[in-house]
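Try each task on your own before reading its solution.

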Amino acid sequence: MPDIRPHHQQAIDRLVEAYRDDPDYLGLIIGGSVAKGYALDDSDVDFLIVATDERYAQRQATQDLFINRTDLCDYAGGYVDGKIISRDYLERVAQHGNEPSRAAFQGAFLGFSHDERIADTLAQIPVYPDAGHEDRLRAFYSMAFVQNWLIHEADRHGNAYTILRAASQLSLFAGRLVLAHNRELFPYHKWLPTALRSVPDKPERFIEDFERLVSEPTAANAKALFERLCAFRDWGVSDIEAYTWFMTDVENAWMTDSTPLEDL
């Protein structure tokens, strides 16, 4: 468990006290930046609260699945921000959740639990899914390859929108490729740079090139980032294979109702 600032711990204690004896709730999970050790002084306290099936159905029927309270915090701008979930949701994430859903539980811990199964399920969630690992590597490399090609095409045509879009996509999938290489979960966009800094095996000066492309989306910076990826290792994908993958798995994904690559 990370070091938690006293005012965040006080908010957690009050949150536990507010819901622990409510029979509608089976457990409270603390997550977000506080649980991950990324919190700032004024960060909110994120949580998930596991409702009974009956209570969850009631809240879902009225579209009332969020809890946001300022009264449990004494610090300026402080609040607790929670989602009401079911046990079924936890089990589904553990069985086949995508990477961002799993990563949301990294560092998460129980505030209280009245069901011992919650702790067991919680432990199974923030685990990198080895099934399909090689396919994801090939897909992420192929997407990075195509976006690098696209930004140069956009630059040739003076298409500012496509330059910006391709730079963003190249940054994303170059980052996802490095995370997958390290078997590290993709924590969604907000925490991607933080996750990339933490992984041990990555191209030299990768972070500098990544941040340069994000701040200055140019064809030259895209080339530098992509070439650094290529020099790092052989990803086992030829140029024609990358183009073919993009056509069949991205452009024609609608034909098979496939899960979009960004949602894996």
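**Exercise 1. Find which helices supply at least two residues each to the lining of the second largest pocket, and describe that lining.**

Solution. Keep in mind that this is a predicted model.

Step 1: Look for the elements. Helices α7 (133-157) and α12 (239-251) each supply at least two lining residues.

Step 2: Ask which gives the most. That is α7, with 5 residues.

Step 3: Size up the space. The second largest pocket holds about 310 Å³.

Step 4: Go to the centre. The lining has 18 residues, and the closest to the pocket centre are Asp135, Ala139, Trp245, Asp249 and Leu261.

Step 5: Sort by class. The lining divides into 7 nonpolar, 6 polar and 5 charged residues.

**Exercise 2. Describe the largest pocket: its volume, its lining and the element that gives the most to that lining.**

Solution. 

Step 1: The volume comes to about 800 Å³.

Step 2: Lining this pocket are 31 residues, with Gly32, Lys36, Asp46, Lys83 and Ala104 nearest its centre.

Step 3: Two or more lining residues come from each of β1 (25-31), α2 (32-36), β2 (45-51), β4 (80-85) and α5 (99-103).

Step 4: Strand β4 gives the most, with 4 residues.

Step 5: By class, the lining has 18 nonpolar, 6 polar and 7 charged residues.

**Exercise 3. Work out whether α4 and α6 are roughly parallel or roughly antiparallel.**

Solution. 

Step 1: Take the geometry. The axes of α4 (residues 87-96) and α6 (residues 116-124) come within 8 Å and cross at roughly 30°.

Step 2: Apply the cut-off. Angles under 35 degrees count as roughly parallel, so α4 is roughly parallel to α6.

Step 3: The crossing of α4 past α6 is left-handed.

Step 4: Name the partners. From α4 come Arg87, Leu90, Glu91 and Ala94, and from α6 come Arg117, Ile118, Thr121 and Gln124. This contact has 3 nonpolar, 2 polar and 3 charged residues.

**Exercise 4. Now do likewise for α10 and α11: are they roughly parallel or roughly antiparallel?**

Solution. 

Step 1: Helix α10 (residues 206-215) packs on α11 (residues 219-232) at about 150°, with the axes 9 Å apart.

Step 2: Angles over 145 degrees count as roughly antiparallel, and α10 and α11 are therefore roughly antiparallel to each other.

Step 3: Helix α10 passes α11 in a left-handed crossing.

Step 4: On the α10 side, the contact is made by Phe206, Asp209, Phe210, Arg212 and Leu213; α11 brings Asn221, Ala222, Ala224, Leu225, Arg228 and Leu229. By class, these are 7 nonpolar, 1 polar and 3 charged residues.

Technical notes
Residues are numbered from 1 along each chain as its sequence is written. This is a predicted model: local features need pLDDT of at least 70, side-chain atom pairs count only at pLDDT 80 or more; totals for chains, interfaces and linings use all residues. Side-chain values use heavy atoms; hydrogens and water are left out. Axes are lines fitted to C-alpha atoms, for helices over the stretch in contact, and angles run from 0 to 180 degrees between N-to-C directions. Angles under 35 degrees count as roughly parallel, over 145 as roughly antiparallel, 65 to 115 as roughly perpendicular and the rest as oblique. A crossing is left-handed if the near helix is turned anticlockwise from the far one by less than a right angle, and right-handed if clockwise. Contact means heavy atoms within 4.5 Å. Ala, Val, Leu, Ile, Met, Phe, Trp, Tyr, Cys and Pro count as nonpolar, Asp, Glu, Lys and Arg as charged, and the others, Gly among them, as polar. On a 1 Å grid over the protein atoms alone, a cavity is a set of points where a 1.4 Å probe fits but cannot get out, and a pocket is an open set with protein on both sides within 12 Å along at least five of seven lines; lining residues have an atom within 4 Å of a point. Grid points are joined across faces, edges and corners, and a volume is the space filled by probe spheres set on the points.
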